[in-house]
Every structure is written in structure tokens, then in C-alpha cells.
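Trainee: I would like to learn how to read helix packing. Where should we begin?

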Amino acid sequence: MLILLAAIFAIHIIGIILLLVATIDNAWWMTENISTDVWGRWVQTNGVWNLTDLPKGSHYPEDYLQAVQASAVLACIFSILGIFVFVAQLFTLSKGKRFTISGVFQALACLCIMIAASIYTDRFHLDEKQGWYGHCYILAWISFALTFISSITYFVLRKKTG
């Protein structure tokens, strides 16, 4: 059981790291000389990268952009709270009640990052023929899978320890 708890803890930490990188780093959409994230756009001119604001208008609807930003940040917060609750539950709650709250926090993190990545997929870069999704976008979907797996694992462990 100790090895299983260590593995779950490791998956949770990896999920948090991926969520933070996906939210903070600047590569949700890439071209040869443009790197765009949910906070700004980096443009390379004469070999120097410069941060600019995201363009306004139909390509970047502000309400959807704010929904993506808020969902990504909430996913990070829920996942970080989940790891602290996981550690606290190990020592304070009786068997059968452990891991429920951690599972709920991970499920909320999973839902939030799925919302962020889904909105970004559906509403941004639809008309752009040049470019590709960057590593942060891919990390967001990978962290969705990890948070989903860990939330299910927390709920299954709750049943087994009861």
C-alpha cells in the first residue's frame, strides 16, 4: 500500500507540474516567428523575442480568452489544494473517508483544464492556416489525463480502504 500511495503522490506531483507549465509557459500556438499563449504573444523580429498583447477581435474573443485563463489557473489551484489535502487526509481521517476530498479536488482540476483546452481548441486559431499547437497545449491535455486518472484512483482507494 505504501508503494501505491507513493505512486499516486508522484502522479499528482507530475500533474501539478504539467498544469503549471501549461498555464505559465508561452507555447499554446506556434509559428516560425510567433509563440502565443493564453497571456500574450511573443514575436521574433531580427532574432529577438518581444512580448506583445494578444490581438483583439474575432480571432481572440476576450470573453473566451478570460474563460481559458480562469479555468487554467483554477485547475492549478485545485490540484495544488488536492495534494495538500491528500497528505493531510493520510494522517487525520479514518479509513473509508480518506481520499474523497482529494479526489474531488482532482476531479475539479480535471474539469477546469478540460474546459480551458476545449475552449482554446474550439474558439482560437480557426482561420489560421500557418502554425501548430505548441507544447503547452499538449501538456494541458496530458495533465487532463493525469488529473482524471488520479481522481479516479482516489475514489477507488477510498472504497478499498473502507
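Mentor: Begin with the angle classes: under 35 degrees counts as roughly parallel, over 145 as roughly antiparallel, 65 to 115 as roughly perpendicular, and the rest as oblique. Axes are lines fitted to C-alpha atoms, for helices over the stretch in contact, and angles run from 0 to 180 degrees between N-to-C directions. Helices (H or I, at least four residues) and strands (E, at least two) are DSSP runs, numbered from the N terminus.

Trainee: What ground rules apply here?

Mentor: This is a predicted model, where local features need pLDDT of at least 70 and side-chain atom pairs count only at pLDDT 80 or more, while totals for chains, interfaces and linings use all residues. Residues are numbered from 1 along each chain as its sequence is written, and side-chain values use heavy atoms, with hydrogens and water left out.

Trainee: At what angle do α2 and α3 pack?

Mentor: The angle is about 160°, and the axes of α2 and α3 lie 7 Å apart. The two helices are therefore roughly antiparallel to each other. Classify the residues next: Ala, Val, Leu, Ile, Met, Phe, Trp, Tyr, Cys and Pro count as nonpolar, Asp, Glu, Lys and Arg as charged, and the others, Gly among them, as polar. By class, the contact of α2 with α3 has 20 nonpolar, seven polar and one charged residues.

Trainee: And what is the handedness of the crossing of α2 and α3?

Mentor: A crossing is left-handed if the near helix is turned anticlockwise from the far one by less than a right angle, and right-handed if clockwise. α2 passes α3 in a left-handed crossing.

Trainee: How do α1 and α2 pack, in angle and axes?

Mentor: Helix α1 (residues 2–24) and helix α2 (residues 62–92) pack at about 160°, with axes 9 Å apart. That makes α1 and α2 roughly antiparallel to each other. Their crossing is left-handed.

Trainee: Which residues of α1 and α2 meet?

Mentor: Contact means heavy atoms within 4.5 Å. On the α1 side, the residues include L5, F9, I13, I16 and L20. In α2 they meet a set that includes V73, C76, I80, I83 and L90. By class, the contact of α1 with α2 has 15 nonpolar, four polar and no charged residues.

Trainee: How do I check the length of a helix?

Mentor: The expected span is 1.5 Å times one less than the number of residues. Take α3 (residues 100–123): 24 residues reach 34 Å from first C-alpha to last, close to the 34 Å expected. For α1, 23 residues should span 33 Å, and the end C-alpha atoms are 33 Å apart, which agrees.

Trainee: Which residues of α1 and α3 are buried?

Mentor: Buried means under 20% relative accessible area, exposed over 50%, partly exposed in between (1.4 Å probe, protein chains only). In α1, the buried residues include I8, H12, G15, L18 and L19. In α3, they include F105, Q106, C110, I113 and Y120.

Trainee: Where should I look for positive phi?

Mentor: Look at two loops. N46 has a phi near 55°, and N46 is not a glycine. N46 sits in the loop between β3 (41–45) and β4 (48–52) and is exposed, with a relative accessible area of 82%. H125 has a positive phi of about 60° although it is not a glycine. H125 lies in the loop between α3 and β5 (132–133), and at 5% relative accessibility H125 counts as buried.

Trainee: How many helices and strands does the protein have?

Mentor: There are four helices and five strands. From the N terminus on, the order is α-β-β-β-β-α-α-β-α. The C-alpha atoms fill a box of roughly 60 × 30 × 20 Å along the principal axes. Of the 162 residues, 41% are buried.
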